[in-house]
Amino acid sequence: MTAHWDEPLLLIPGPVMVPPETLAAMSRQVIAHRGDPFAEMQDRIVARLRRLLDAPEEAGYEVGVYPSSGTGMLEAAVAHAVEPGDRVLSCTGGEFGERFAAIAERFGAQVDRLHVEPGQVPDPETVAERLSGGGYRALLLTHCETSTGALTDVRAVAAAARQASPDTLILVDAVSSLGGAPLLAAAWDIDAVASASQKALAVPPGLGILAGSPRLLERAAASRSPRVYWDLAAYGRNRRQRRAPYTPAVNLLYAMDVALERLENEGFEAAWARHRALRDQFRSGIARLGMEPVAADACASPTVTAVRPGPGLEAGGVIAALAERGILVAGGMGPLSGQVFRVGHMGAVEPRHLDRLLAALAEIAARG
Ligand SMILES: Cc1ncc(COP(=O)(O)O)c(C=O)c1O
């Protein structure tokens, strides 16, 4: 046992540290998933997620929580939207955008990629222009591209996309943003949101979240692509019958239940503001050290920052020196491999944790 829950200081961009009360909730005895206590907890979790995601039942949205990681939910979103031969436009600015595109290809879609440079995000006009050629079944967006720390303005891109191509389904990867940045499915007319437990929600890894619009569900019902485990309509039917379709990850749901209660008590707006403040604290701290974030200010994610350590410092060396001080950050991915270190400032991360990280970075930079 370590002395403190935040020792070592886990600041990788997921999985993130889980606070003690969430961990404690998981140690309760397992309950059966065909009884009132389970049904009440499941309803509570889904209701809270509906409010967080703006995915109301009255508007025809379905929300499911699955034993899964985020990638499973990307696959689930695609499985509801895409049939072999469909055209898909995928905005890719890093490793996770590319993963989403590759999943759609596995489902037989013809995927066109709209690439942006690492640290940049797709702009609404360009997306609209590409879509207005017509014939795109789905648009894939990554809200926070965790490999670069860039946050797409989903609201603006979705509005432009909807206008240019009203029937195109808009699917969003919100794995590293949900809870840390607003993503309002109904208000922004989003068709699928895929997310997971282990990032800004500060729940251990193992739960996936999928929200689907009535447009997505209609499309899925008519689709030739099969879905079994991921079928959102089946999840909804079972939930309304006060059970789960398959054996759920009960103890992870205990954790999700208390984490969402805490988040809602804080207030979603307040939580988003807290994440923006963590981002600003970290970005101004690294600027003072002459280090450079990969993402431009205009699209800096409130949850993740990728940092170029600057002249005289090598990313791998910085990561190792931080680890020696009990602070864990992540390395770069894909083309940024060896070039950057990545920090998750989300979930249960507090300003004092970033103070400690910045003090250690100052020491490492001074040593050279
Ligand atoms: C934006 C994004 N999408 C998808 C994934 C994949 O999620 P998982 O590792 O939970 O399957 C991640 C994980 O880091 C991510 O950050």
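Visitor: Where is proline 8 found?

Guide: Proline 8 belongs to the segment before strand E1 (9-10). Helices (H or I, at least four residues) and strands (E, at least two) are DSSP runs, numbered from the N terminus. This is a predicted model, in which local features need pLDDT of at least 70 and side-chain atom pairs count only at pLDDT 80 or more, whereas totals for chains, interfaces and linings use all residues. Residues are numbered from 1 along each chain as its sequence is written, and side-chain values use heavy atoms, with hydrogens and water left out.

Visitor: Which residue does a cis peptide bond join to proline 8?

Guide: Most residues other than glycine have a negative phi, and most peptide bonds are trans. Here glutamate 7 is joined to proline 8 by a cis peptide bond, with omega about -5 degrees. A cis bond also connects glycine 14 to proline 15, again with omega about -5 degrees. Proline 15 sits in the loop between E1 and helix H1 (20-25).

Visitor: What is phi of aspartate 54, a residue other than glycine?

Guide: Phi of aspartate 54 is positive, near 50 degrees. Aspartate 54 lies in the loop between H2 and E2 and is partly exposed, at 23% relative accessibility. Buried means under 20% relative accessible area, exposed over 50%, and partly exposed in between (1.4 Å probe, protein chains only). Alanine 202 has a positive phi near 55 degrees; this residue is in the loop between strand E9 (192-196) and E10 and counts as buried at 3% relative accessibility.

Visitor: How many residues has helix H2, and what span does it reach?

Guide: The expected span of a helix is 1.5 Å times one less than its number of residues. Helix H2 (residues 36-53) has 18 residues and reaches 25 Å from first to last C-alpha, close to the expected 26 Å. Its buried residues include Phe38, Met41, Ile45, Leu49 and Leu53.

Visitor: How many aromatic pairs does the structure hold?

Guide: A pair of aromatic rings is described by the distance of the centres and the angle of the planes. Rings of Phe, Tyr and Trp (its six-membered ring) pair if their centres lie within 6.5 Å; planes under 30 degrees apart count as stacked, over 60 as edge-to-face and the rest as tilted. The structure holds five such pairs. One of them joins tyrosine 66 and tryptophan 230 edge-to-face, at 5.5 Å centre to centre and 75 degrees between the planes. The two residues are 164 apart in the chain, tyrosine 66 in strand E2 (residues 62-67) and tryptophan 230 in the loop between helix H8 (214-221) and helix H9 (232-240). Tryptophan 230 also pairs edge-to-face with tyrosine 229, at 5.2 Å and 70 degrees. Tyrosine 229 is partly exposed at 34%, whereas tryptophan 230 is buried at 17%. Ring pairs link Tyr66, Tyr229, Trp230, Tyr235 and Tyr246 into a cluster.

Visitor: Which residues surround the ligand?

Guide: A residue is near a molecule or strand if one of its heavy atoms lies within 4 Å of it. Those surrounding the ligand include Ser69, Phe96, Arg99, Cys144, Asp173, Gln198 and Lys199. A polar side-chain atom of aspartate 173 lies 2.6 Å from a ligand nitrogen atom, and one of glutamine 198 lies 2.8 Å from a ligand oxygen atom. An N or O atom in the side chain of lysine 199 is 2.5 Å from an oxygen atom of the ligand. Of the 390 Å² of accessible area that the ligand has on its own, the protein covers 88% (Shrake-Rupley method, 1.4 Å probe). Helix H3 (70-81) and helix H4 (95-106) are the elements that give two or more residues to the shell.

Terms used: Polar contact = N/O pair within 3.5 Å; in protein donor to acceptor, adjacent residues only side chain to side chain.
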